[in-house]
Amino acid sequence: MNLSPLHQSTFRFVVAAFGFAGAALAPVAQAAIPSEILAGYTAQAGSPAAPARGQQFFTTRHGREWSCSSCHGTVPTQDGKHASTGKSIGALAPAFNPQRFTDAAKTEKWFRRNCNDVAGRECTPAEKADVLSWLLTLKP
Ligand code: HEC
């Protein structure tokens, strides 16, 4: 680029200002809403989510002792109970628990842990999208 000195300083100012705004906004960018997290999984999966498939995945066992329902309940609109510790777990369906699926890193962490417990492997993006799309159909 062949910029005049004035343009060069303007250019640097704009870069600095946007760089700063980007840094300031970064923590905000982590906060999400469930539909955004679903959109992320759907994009990764490359096909639309199927709520019925999500319900099926959630309520059946995958070769191990527990299903997702073992801790979260068959219809996770109420508090669940941890299958081994007995500790209460807040409702998983977002319409019944506004904290749910608002932090992509937290959602990922628990999907990883719970899918490993239930299926002995991580869930695929399509499975996560299916489960979340089903949870979003559960309304009061
Ligand atoms: C052994 C008990 C247990 C089983 C089985 C289980 N979960 Fe969980 N799950 C938890 C606990 C404990 C938490 C974290 C505590 C909390 O957030 O209330 C959690 C949290 C989650 C979250 C975090 C949601 C968010 O963003 O707040 C997701 C998603 C989730 N579970 C999905 C699943 C799926 C899918 C399965 C089946 C593959 C499953 N869980 C099976 C215990 C379990």
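Residues are numbered from 1 along each chain as its sequence is written. The model is predicted, and local features need pLDDT of at least 70, side-chain atom pairs count only at pLDDT 80 or more, while totals for chains, interfaces and linings use all residues.

**Exercise 1. Find out how many helices and strands the protein has, and in which pattern they follow the sequence.**

Solution. Start with the rule: helices (H or I, at least four residues) and strands (E, at least two) are DSSP runs, numbered from the N terminus. Counting this way gives six helices and two strands. Next, read along the sequence: the pattern is α-α-α-α-β-β-α-α.

**Exercise 2. Work out which residues of helix H3 are buried, and where they sit on the helix.**

Solution. First, recall the cut-offs: a residue is buried if 20 or more other C-beta atoms lie within 10 Å of its own, exposed if 12 or fewer, and partly exposed in between, with C-beta atoms placed from the backbone. In H3, residues 51-59, the buried ones are Gly 54, Gln 55, Phe 57 and Phe 58. Now look down the axis of H3: these buried residues fall within an arc of 165°, so they line one face of the helix. The arc is that of the directions from the helix axis to the C-beta atoms. Finally, ask what they pack against: the partners are helix H4 (69-72) and helix H6 (125-135). Two residues are in contact if their C-beta atoms, placed from the backbone, lie within 7 Å.

**Exercise 3. Describe how H3 and H6 cross, and which residues make the contact.**

Solution. Axes are lines fitted to C-alpha atoms, for helices over the stretch in contact, and angles run from 0 to 180 degrees between N-to-C directions. The axes of H3 and H6 come within 7 Å and cross at roughly 100°. That makes H3 roughly perpendicular to H6 (under 35 degrees is roughly parallel, over 145 roughly antiparallel, 65 to 115 roughly perpendicular and the rest oblique). On the H3 side, the contact is made by Pro 51, Arg 53, Gly 54, Gln 55, Phe 57 and Phe 58, and on the H6 side by Glu 127, Asp 130, Val 131, Ser 133 and Trp 134. Sorted by class, the residues of this contact are five nonpolar, three polar and three charged. Here Ala, Val, Leu, Ile, Met, Phe, Trp, Tyr, Cys and Pro count as nonpolar, Asp, Glu, Lys and Arg as charged, and the others, Gly among them, as polar.

**Exercise 4. Describe the shell around the ligand.**

Solution. A residue is near a molecule if its C-beta atom, placed from the backbone, lies within 6 Å of it. The ligand is surrounded by 20 residues, and the closest are Cys 68, Cys 71, Thr 107, Trp 110 and Asn 114. Then ask where the shell comes from: H4 and helix H5 (104-119) each supply at least two residues. H5 gives the largest share, eight residues. By class, the shell has eleven nonpolar, six polar and three charged residues.

**Exercise 5. Is Phe 101 buried or exposed, and what is its phi?**

Solution. Locate Phe 101 first: it lies in the loop between strand S2 (88-89) and H5. Phe 101 counts as buried because it has 22 C-beta neighbours inside 10 Å. Its phi is positive, about 55°, although Phe 101 is not a glycine. For context, most residues other than glycine have a negative phi.
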